[in-house]
Amino acid sequence: MSKFELLKHETSSEVVEHTYIIQDDKGKIVYKEWVNDSGKVIDSTLRDKDGYEIDDPELYDQVIEFIDSLEK
């Protein structure tokens with residue numbers, strides 16, 4: 001079972017921007033990804049609730065795994 005809970009997900013047009021606000025046991029995390037028209041993620045960010053970038057590859061991988069599980 002996942003430790004994350006989805007709080008918000010937004011989508012905009014052109015290059016599609018997906019914004020996920022999720023929560024784990026330490027607080028809220030904001031994950032944004034930009035997807036081109038062929039469906040490839042061309043950029044992404046992981047930030048804390050205050051907007052500071054999170055540089056934690058293990059946490060990033062866990063968040064990606066969680067986001068991918070939502071799309072199934």
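Predicted model: local features only at pLDDT ≥ 70, side-chain atom pairs only at ≥ 80, totals over all residues.
Close-up 1. When residues up to four places away in sequence are left out, T45 touches V30, Y31, K32 and W34.

**Close-up 2. The aromatic pair of F4 and F66.** The structure holds three aromatic pairs. In the pair formed by F4 and F66, the ring centres lie 5.2 Å apart and the planes stand at 45°, so the pair is tilted. This pair links distant parts of the chain, with F4 in the segment before β1 (5-11) and F66 in helix α1 (residues 57-70), 62 residues apart. F4 counts as buried at 10% relative accessibility, and F66 likewise counts as buried, at 8% relative accessibility.

**Close-up 3. The aromatic pair of Y31 and Y60.** Y31 and Y60 form an edge-to-face aromatic pair, with 6.2 Å from centre to centre and 65° between the planes. Here too the pair links distant parts of the chain, as Y31 belongs to strand β3 (residues 27-35) and Y60 to helix α1, 29 residues apart. Y31, at 1% relative accessibility, counts as buried, whereas Y60 is partly exposed, with a relative accessible area of 29%.

**Close-up 4. The aromatic cluster of Y20, Y31 and Y60.** Y20, Y31 and Y60 form one aromatic cluster.

Terms used. Residues numbered from 1 in each chain as written. Heavy atoms only, no water. Contact = heavy atoms within 4.5 Å. Phe/Tyr/Trp six-rings, centres within 6.5 Å; stacked < 30°, edge-to-face > 60°. Helix = DSSP H or I, 4+ residues; strand = E, 2+ residues; numbered from the N terminus. Buried < 20%, exposed > 50% of the residue type's maximum accessible area, 1.4 Å probe, protein only.
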